[in-house]
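Q: I would like to learn how to read pockets, cavities and helix contacts in a model such as this one. Could we go through them together, one feature at a time?

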Amino acid sequence: MAVCLKRLTSLSARSMSTVGFIGLGNMGGYMAKNLVKAGKDVVVYDVNDSSVKDLQSSGAGAAASPSELASQSDVIITMVPSSPHVQEVFTGSDGVLKSLKPGSLCIDSSTIDPAVSKEVDSAVRSAGAHFYDAPVSGGVVAAENGALTFMVGGESDRFAEVKSYLDHMGANIIHCGPNGNGLVVKLCNNMMLAISMIGAAETLNMGIKMGMDRKLLSEILGKSTARCWSIDTYNPVPGVMEGVPASRDYSGGFGATLMLKDLGLAKLMADASESPIVLGNMANQIYDELCKDEEFAPKDFGVIFKKLSEQ
């Protein structure tokens, strides 16, 4: 009976926990909204005031800084663009660590350098709290629909609690091992995604220029051995699929500059592990060249098709 009461008390406390969410961009905004929809008490912070107001209109509270958010939260989820942003959010002069409650649960869904994640993990643990890296895959549509895949790195004893929050934002929550492992998997995924997107864009461009109907070509490739996510789910050719960035001049989605950042992080991993990445390096060079063009740099990474089609 005592064990059952303890378990019920734990579950009740968890249900009443306040969730702080930092980073309300293309992905984070939908993720935070799904937590609100799930009935969680959510407080948010972002440098973009309009993003914060959008979440407030959905029922979330707002904090003026990461530090203020930490003082109000039992669980903190971060979704920011890069390693320096994560470092600033946690260790900056007005960062999370300034007001972090002992025993708090910190979940970082940013895609950053695994080495930086381990540094932040160490700082959070020194403050008496817990840290997990939990990068995501699936894109903006999956974020909106609560169907993301989370790759989680961190201690196993609180993974079930981590999963209880991520379940409201994702369909697949996978424990990958100790801290940093989630990011290793995510960077492997994104390197392969960049390579496959370039291959899909080159193939589709060639077929269309040879006279194939773009929709028919995409349909056939999506049912053949060339099938991949960049063909059947996130097609980069305008006029083939609705609801993907290519259907709206590559706005929204996963930015080309973010893909370039992730390819750079994958290269660091390859160098550290002495792993040859011939195609990964080529993809890095291709996106580096793409992002030098002001027309393409702000767009979704599928814009590589547009660049190729104009050559």
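Q: Which helices and strands each supply at least two residues of the lining of the largest pocket?

A: A lining can be read by asking which elements contribute to it. In this predicted model, the elements that each supply at least two lining residues are helix H5 (83-91), strand S7 (136-137), helix H7 (139-145), helix H9 (181-209) and helix H12 (256-273), and H9 gives the most, with 6 residues.

Q: What is the volume of the largest pocket, and which residues lie nearest its centre?

A: The volume is about 1,100 Å³, and of the 45 residues that line the pocket, Met-27, Met-79, Val-80, Pro-81 and Leu-258 lie nearest the centre. By class, the lining comprises 21 nonpolar, 18 polar and 6 charged residues.

Q: How should I read the crossing of H12 and H13?

A: Begin with the axes, then turn to the residues. The axes of H12 and helix H13 (residues 278-291) come within 9 Å and cross at roughly 145°, and the crossing is left-handed. Among the residues making the contact are Leu-260, Leu-263 and Lys-267 of H12, together with Asn-284, Tyr-287 and Asp-288 of H13; the contact residues divide into 8 nonpolar, 5 polar and 2 charged.

Q: How many cavities of 30 Å³ or more are there, and what lines the largest cavity?

A: The count comes to 1 cavity of 30 Å³ or more, and the largest cavity holds about 30 Å³ of space. Its lining includes Tyr-234, Pro-236, Val-244, Tyr-250 and Asp-300, and the lining residues divide into 6 nonpolar, 2 polar and 1 charged.

How values were computed: Residues are numbered from 1 along each chain as its sequence is written. This is a predicted model: local features need pLDDT of at least 70, side-chain atom pairs count only at pLDDT 80 or more; totals for chains, interfaces and linings use all residues. Side-chain values use heavy atoms; hydrogens and water are left out. On a 1 Å grid over the protein atoms alone, a cavity is a set of points where a 1.4 Å probe fits but cannot get out, and a pocket is an open set with protein on both sides within 12 Å along at least five of seven lines; lining residues have an atom within 4 Å of a point. Grid points are joined across faces, edges and corners, and a volume is the space filled by probe spheres set on the points. Helices (H or I, at least four residues) and strands (E, at least two) are DSSP runs, numbered from the N terminus. Ala, Val, Leu, Ile, Met, Phe, Trp, Tyr, Cys and Pro count as nonpolar, Asp, Glu, Lys and Arg as charged, and the others, Gly among them, as polar. Axes are lines fitted to C-alpha atoms, for helices over the stretch in contact, and angles run from 0 to 180 degrees between N-to-C directions. A crossing is left-handed if the near helix is turned anticlockwise from the far one by less than a right angle, and right-handed if clockwise. Contact means heavy atoms within 4.5 Å.
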